[in-house]
Amino acid sequence: RVAVRRIMTNPLRFAALCAERVGRFMLPARTWFVQAGLSRTGTFSPGYLVAIAINMGLFALTAFVGVLAFRTRDAALAVGPILVFCHMGAYALTYVSPRYALTVTPVLIACSGLALRTLLRRP
């Protein structure tokens, strides 16, 4: 009840918090990088920056597949992007803190492969 009351008091703030979580879910787990000794708390090591670029690329290619599916009205092609972005949205809206990428990484990689295949076949 307290959470619903806070959301109803300021729905724009809640939407902004959800958008922030979506952005954070697209990033690799900083705690893992620190625990693995690949980064220090409060820093962006070169390896972490590379991991961010790879993650953002995977999400961008998945979004491209979603746009392509919408344009061609291909329901089968839309399955991957729907799984990825609805999954991420559900976690953001419920404000759960999962290790999100583990659950959809195979779908992200598959969608990225489809996107790259499509892009390479274009004239």
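Student: Which residues make up the largest nonpolar core?
Tutor: In this predicted model, the largest nonpolar core consists of 10 residues: Cys18, Phe25, Met26, Leu58, Phe59, Val84, Met88, Ala92, Val104 and Leu108.

Student: Which elements give two or more residues to this core?
Tutor: They are α2, α4 (46-72), α5 and α6 (101-121).

Student: And which gives the most?
Tutor: Helix α5 does, with 3 residues.

Student: What does a second, separate core include?
Tutor: That core has 8 residues, and among them are Ala69, Leu77, Cys111 and Ala115.

Student: Let us step back. How many helices and strands does the protein have?
Tutor: There are 6 helices and 0 strands. Read from the N terminus, the order of elements is α-α-α-α-α-α.

Student: What are the overall dimensions, and how much counts as buried?
Tutor: The C-alpha trace spans about 50 × 40 × 20 Å along its principal axes. Of the 123 residues, 28% count as buried.

Student: What share of the contacts comes from residues 24 or more positions apart?
Tutor: Such pairs account for 61% of the contacts with a separation of 6 or more.

Student: Back to the helices. How do α2 and α5 cross?
Tutor: The axes of α2 (residues 11-25) and α5 (residues 75-94) come within 9 Å and cross at roughly 130 degrees. The two helices are therefore oblique to each other. In handedness, α2 passes α5 in a right-handed crossing.

Student: Which residues make that contact?
Tutor: From α2 they are Phe14, Cys18, Arg21, Val22 and Phe25, and from α5 they are Met88, Tyr91, Ala92 and Leu93. Sorted by class, this contact of α2 with α5 has 8 nonpolar, no polar and 1 charged residues.

Student: What does Cys18 touch, neighbours in sequence aside?
Tutor: Leaving out residues up to four places away in sequence, Cys18 touches Ala92 and Leu93. Cys18 and Ala92 both belong to the largest nonpolar core.

Student: Is Leu93 buried or exposed?
Tutor: Leu93, a residue of helix α5, is exposed, because its relative accessible area is 54% and the cut-off for exposed is over 50%. Beyond its neighbours within four places in sequence, Leu93 is in contact with Phe14 and Cys18.

Student: What about the loop between α4 and α5; what is the phi of Arg73?
Tutor: Arg73 is found in that loop, and its phi is near 55 degrees, a positive value in a residue other than glycine. As a rule, most residues other than glycine have a negative phi.

Student: Is Arg73 buried or exposed?
Tutor: Arg73 is exposed, with a relative accessible area of 72%.

Student: And Ser39, buried or exposed?
Tutor: Ser39 is buried: its relative accessible area is 9%, and buried means under 20%. Its place is in the loop between α3 (30-35) and α4.

Student: What does Ser39 touch?
Tutor: Not counting residues up to four places away in sequence, Ser39 touches Phe33, Val34 and Ser45.

Student: One last residue. Where is Leu116, and how accessible is it?
Tutor: Leu116 is in helix α6. At 43% relative accessibility, Leu116 counts as partly exposed.

Student: How far apart are Leu116 and Phe64?
Tutor: They are 52 residues apart in sequence and 9.7 Å apart in space, C-alpha to C-alpha.

Note on methods. Residues are numbered from 1 along each chain as its sequence is written. This is a predicted model: local features need pLDDT of at least 70, side-chain atom pairs count only at pLDDT 80 or more; totals for chains, interfaces and linings use all residues. Side-chain values use heavy atoms; hydrogens and water are left out. Axes are lines fitted to C-alpha atoms, for helices over the stretch in contact, and angles run from 0 to 180 degrees between N-to-C directions. Helices (H or I, at least four residues) and strands (E, at least two) are DSSP runs, numbered from the N terminus. Angles under 35 degrees count as roughly parallel, over 145 as roughly antiparallel, 65 to 115 as roughly perpendicular and the rest as oblique. A crossing is left-handed if the near helix is turned anticlockwise from the far one by less than a right angle, and right-handed if clockwise. Contact means heavy atoms within 4.5 Å. Ala, Val, Leu, Ile, Met, Phe, Trp, Tyr, Cys and Pro count as nonpolar, Asp, Glu, Lys and Arg as charged, and the others, Gly among them, as polar. A nonpolar core is a set of buried Ala, Val, Leu, Ile, Met, Phe, Trp, Tyr and Cys residues joined through side-chain atoms within 4.5 Å. Buried means under 20% relative accessible area, exposed over 50%, partly exposed in between (1.4 Å probe, protein chains only).
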